[in-house]
Amino acid sequence: MDLLPIENLSPLPLVNLSSITKPFDGGILPLSNYCVKKFGSDTKCREHYQSLVSKPDGCYQCPYGLASHKFALLGRPFAITGFISFPRLGGEHEAARAKEMPAYKTSLQIVKETVTFFEKTHQIARTAFEEQLKKYPLAFHELRKLNGAIKQRAEKLLVDFGENEEARTIHSSAELMSNNLDLLEIMAAREDLIDLPLNSTINLLDLAYKCKKVYQQRAEERNLLLWVDGNEKRPIIQGNRKTFPALLTVLVENAIKYSREKTRISITAVMSAKTVRLSVHNISDIGIDTQKCFEKGFRSSSNIEGSGLGLFIAQLVAAQHKSKIVCEQRGEAKTFYMDFAIIDFA
Amino acid sequence: MKRKFLFFKEHELSDFEPALTRDEIIRRGRILIVDDQQPLLLSELKQQGFSVDYDSSGDDTSNIEKQIYDVVLLDFGGVGLRFGKDQGLSLLKHIRRVAPSTYVLAYTSLALHAKQGDFFRNTHDILEKDAGIADSLKIVEDALRKSMRVQHLWDAIVTLTGVSPGTEQEKQLRGALITALEKHNVALFKKALSGYLHAGLDAALEAITAKIFTLSLLNGPTSN
């Protein structure tokens with residue numbers, strides 16, 4: 001579930017710091033005429049909002065003496081803005097603005113409570129959304145049946161008539177659809193599915209090669225090279241066939257979304273004595289919080305599409321498989337890895 | 001004599017696991033698909049040479065009870081209604097009870113709630129309805145291979161006889177099986193089993209026992 005349109009919920013003017021435009025009118029207080037004029041006439045307002053992006057949450061004064069209270073919601077930065085703070089922040093022009101715009105004097109405490117209101121509203125909406133998801137098993141079922149028919153027929157075309165770009169595209173798209181349905185299903189029934197037994201055997205390299213095949217086209221659209229590597233012997237682990245593939249799906253999809261163009265994404269399965277380390281490595285200019293990235297709803301970038309649930313789900317699946325995903329960051333190089341016990345070799 | 005004892009080795013059941021080629025698995029294996037809607041996979045399996053039957057309701061389980069099928073692909077919805085309101089889950093419970101040697105794949109794309117999660121928990125593996133043909137064939141072949149493992153068939157015997165795993169009785173029976181396998185003497189094992197049960201073997205036990213000895217001949221022990 002994505003962010004609610006909080007621009008429509010704020011009682012005070014609000015600016016989305018991920019995509020800076022003229023601040024939205026508040027439900028109680030619209031953006032003042034003063035601010036409307038200033039935003040349109042010079043660049044200082046925009047520069048002020050841009051400077052807020054890298055600052056910690058808190059209250060800051062704009063060049064014209066008005067206050068902007070910066071906060072984050074689901075990892076995305078916003079600011080309630082265009083008001084005169086009480087207690088005063090001090091600084092040039094604040095007194096002048098306070099005299100001109102008495103209606104915009106606002107207690108900082110109220111501003112902070114507004115932020116709390118956003119967070120609570122989101123929590124309620126998310127819970128309701130997840131409850132709704134539980135009511136969609138039949139919808140998943142019908143989608144999967146249809147998707148399965150498309151996938152299998154595309155596969156038959158490829159087998160019967162040889163390699164064909166259209167059939168391959170249809171097949172890959174159907175595989176992508178399966179992956180997305182798997183993730184949705186896990187999100188909708190987390191406790192049930194993560195509780196399932198590890199009664200299948202998973203060939204990690206086979207899974208990695210399949211993942212490469214499915215995501216090849218997407219990777220190419222961003223000029224990325226998808227690479228799979230591993231030992232000659234193919235390690236097999238105990239796993240759940242329904243949930244385990246989602247783990248690799250999330251990591252590879254994220255790598256494709258966040259990687260710098262014209263770089264390589266490596267999926268490797270490297271064995272040591274009794275374990276195998278499955279890793280996804282990529283190059284990205286976007287920094288990542290290696291701990292928080294697994295938190296529900298956390299997103300490393302507001303400019304890239306996503307729900308903030310993928311890594312959270314992936315970590316749950318890893319735990320189901322008695323493992324843990326570790327995120328490492330060395331400058332632009334990012335690696336996600338997890339270890340599993342080997343039970344056999346293919 | 002001394003030389004013989006030098007090379008004497010105590011066998012485990014794993015020593016009798018058959019080394020089956022893909023062709024042999026396809027030739028020997030029998031599959032049943034229970035699904036209220038005939039899947040494309042049925043014709044694909046037949047095309048690949050698998051012996052596969054289809055049942056749209058799961059009402060008649062007589063062949064399952066005869067241990068005829070090595071693998072059953074079991075749907076959840078619209079089947080097994082004769083066995084209870086939980087449909088495929090009710091049928092699954094019956095199959096696990098009467099034919100524990102049959103390897104059951106949960107063949108459904110239904111996203112299940114917790115109370116239906118037993119369906120996944122009590123099957124041996126999962127085959128999603130929207131899996132590709134190649135993936136499906138691989139999973140079915142893998143299931144057939146596992147269904148023909150001596151260890152798996154022994155576990156089925158343990159279930160049917162009611163002997164508790166890990167107990168002295170189970171160890172003795174397993175020892176009797178190993179001895180009989182070493183001598184390729186099925187009657188020897190049947191005698192031991194009858195002795196334990198204080199009765200003759202029923203049809204299910206007869207079938208599973210016969211299967212163990214047939215398969216074990218395909219890769220006997222190398223010592224002695």
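**Figure 1. Chain A as a whole, in a predicted model.** Start with how chain A holds together: of its contacts with a separation of 6 or more, 66% are between residues 24 or more positions apart. Keep in mind that this is a predicted model. Chain A has 10 helices and 12 strands, and its C-alpha trace spans about 80 × 45 × 40 Å along the principal axes. Of the 346 residues in chain A, 49% are buried. For the complex, the predictor gives an ipTM of 0.76 and a pTM of 0.72.

Figure 2. R222(A) counts as partly exposed because its relative accessibility is 23%, and buried would take a value under 20%. What does the side chain of R222(A) reach at 2.6 Å? It is the backbone oxygen of I256(A). Beyond its neighbours within four places in sequence, R222(A) is in contact with I256(A), K257(A), Y258(A), S259(A), E261(A) and K262(A). For a sense of scale, N282(A) is 60 residues away from R222(A) along the chain, and their C-alpha atoms are separated by 13 Å.

**Figure 3. The second largest pocket.** This pocket has a volume of about 830 Å³. It is lined by 36 residues, and N254(A), K257(A), E305(A), G306(A) and S307(A) are the closest to its centre. Two or more lining residues come from each of α4 (108-133), α6 (165-188), α9 (244-258), α10 (310-320) and β12 (333-345) of chain A. Which of these elements gives the most to the lining? That is α9(A), with 9 residues. Sorted by class, the lining of this pocket comes out as 18 nonpolar, 11 polar and 7 charged residues. K257(A), one of the residues closest to the pocket centre, is also one of the contacts of R222(A) from the previous view.

Figure 4. Just past the helix, K322(A) takes a positive phi of about 60°.

**Figure 5. The largest cavity.** Rolling a probe the size of a water molecule over the atoms shows where empty space is left. The count comes to 3 cavities of 30 Å³ or more, and the largest has a volume of about 110 Å³. Its lining takes in 16 residues, with C35(A), C45(A), Y49(A), C62(A) and L66(A) nearest its centre. The elements giving two or more residues to this lining are α1 (33-41), α2 (44-53), β3 (67-73) and β4 (76-86) of chain A. The largest share, 4 residues, is from α1(A). What kind of residues face this cavity? They divide into 11 nonpolar, 4 polar and 1 charged.

Figure 6. Chain B has an average pLDDT of 88, and 90% of the residues score at least 70. Where does pLDDT stay under 50 in chain B? Over residues 1-6, and for that stretch the model has 0 contacts beyond four places in sequence.

Notes. Residues numbered from 1 in each chain as written. Chains lettered and ligands numbered in written order. Heavy atoms only, no water. Buried < 20%, exposed > 50% of the residue type's maximum accessible area, 1.4 Å probe, protein only. Contact = heavy atoms within 4.5 Å. Polar contact = N/O pair within 3.5 Å; in protein donor to acceptor, adjacent residues only side chain to side chain. 1 Å grid on protein atoms, 1.4 Å probe; cavity = no way out; pocket = protein on both sides within 12 Å on 5 of 7 lines; lining within 4 Å. Points joined across faces, edges and corners; volume = space filled by probe spheres on them. Nonpolar A, V, L, I, M, F, W, Y, C, P; charged D, E, K, R; others polar. pLDDT = per-residue confidence, 0-100.
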